[in-house]
Amino acid sequence: MAFERFKVLTFDVVGTLIDFEKGVLDSVRALNPEAGRDLSDDEIFKPYVDGRNAHPGRSSEAMADVYRHLASKLGLDTSDGAAATFQARILQHPAFPDSVEALKRLRSRFRLVAMTNADRVTFQSYSHTLDNPFHDSVTADEAGTPKPSPLFFAFNRGRQSAHGFKQEEILHIAQSQYHDIGVARELGYKVCWIERRQGQKGFGGTPTPEEVTEPDFHFSTLAQLADAIEAEDAGLASRNKVAA
């Protein structure tokens with residue numbers, strides 16, 4: 001596996017650590033209990049993705065408009081009250097069941113850095129949900145551009161360089177092929193794909209990439225990554241003990 005080369009783990013947050021797809025689906029169906037129950041996940045995700053593309057602003061402000069777009073396409077409640085509730089519930093999206101514990105395990109070994117398209121306000125809520133595991137964080141409003149822009153990665157690279165870390169010491173971890181895996185690999189980063197939708201068709205609440213990039217490491221959960229790293233560390237310790 002050779003995880004020993006890395007000192008910094010950078011993380012996509014929304015979709016990798018925070019289950020925004022569950023958050024979106026639960027919110028839409030709670031706001032539209034009659035009509036929403038007959039809609040499939042993909043029927044909801046399609047106008048959600050289109051709405052986010054049409055309203056790419058700060059996540060703590062733009063999601064009301066994303067909801068209005070979604071609701072108008074699906075014939076759901078488009079009232080200001082429904083839009084405001086959807087916006088507020090963005091801050092309450094749940095963590096994946098393994099995220100908090102796996103991050104604690106990884107934090108004992110690596111510097112953890114969040115790289116998120118959420119803005120600072122939304123990220124602070126997600127960080128709290130995750131039990132504040134990060135040593136550092138970069139948000140889209142601070143970087144001045146969202147992923148998959150290479151400028152986002154350049155912003156973080158400069159930030160980590162100021163702390164003495166080199167690009168080859170960074171492993172980027174993400175679910176989104178579109179926002180993270182493809183561009184990070186093109187920029188020369190080692191990448192770990194946490195395929196949260198493994199076994200499901202399509203790309204759910206994220207845009208479809210032009211192609212699926214082969215990652216350096218591939219797991220379906222963050223806990224599996226933590227297990228693999230701990231197994232490698234145990235093997236190295238055992239070999240060192242024998243050699244001594």
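Buried means a relative accessible area under 20%, exposed means over 50%, and partly exposed lies in between (1.4 Å probe, protein chains only). The model is predicted, so local features need pLDDT of at least 70 and side-chain atom pairs count only at pLDDT 80 or more, while totals for chains, interfaces and linings use all residues. Residues are numbered from 1 along each chain as its sequence is written, and side-chain values use heavy atoms, with hydrogens and water left out.

**Exercise 1. Determine how the buried residues of helix H5 (residues 99-107) are arranged.**

Step 1. Identify them: Ser99, Ala102, Leu103 and Leu106 are buried in H5.

Step 2. These residues cover an arc of only 100° around the axis, and therefore lie on the same side of H5. The arc is that of the directions from the helix axis to the C-beta atoms.

**Exercise 2. Explain why H9 is described as largely enclosed by the rest of the structure.**

Step 1. Seven of the ten residues of H9 are buried, which is why this description applies.

Step 2. Name them: Gln177, His179, Asp180, Ile181, Gly182, Val183 and Ala184.

Step 3. The cover over these buried residues includes H8, strand E4 (170-174) and strand E5 (190-194).

**Exercise 3. Describe the largest nonpolar core and the contacts of Phe11.**

Step 1. A nonpolar core is a set of buried Ala, Val, Leu, Ile, Met, Phe, Trp, Tyr and Cys residues joined through side-chain atoms within 4.5 Å.

Step 2. The largest core has 50 residues, of which Phe11, Leu106, Leu222 and Leu225 touch the most other members. Helix H3 (residues 59-74) gives the most to this core, with six residues.

Step 3. Beyond four places in sequence, the residues that Phe11 touches include Leu17, Leu103, Leu106, Phe134, His172 and Leu222. A second, separate core of 17 residues includes Val8, Val113, Phe153 and Trp193.

**Exercise 4. Characterise the lining of the largest pocket.**

Step 1. On a 1 Å grid over the protein atoms alone, a pocket is an open set of points where a 1.4 Å probe fits, with protein on both sides within 12 Å along at least five of seven lines; lining residues have an atom within 4 Å of a point.

Step 2. The lining comprises 33 residues, of which Arg52, Met63, Asn117, Pro146 and His179 lie nearest the centre of the pocket.

Step 3. Helix H2 (41-54), H3, helix H7 (140-143) and helix H9 (177-186) each give two or more residues to this lining. H2 gives the most, with four residues.

Terms used. Contact = heavy atoms within 4.5 Å.
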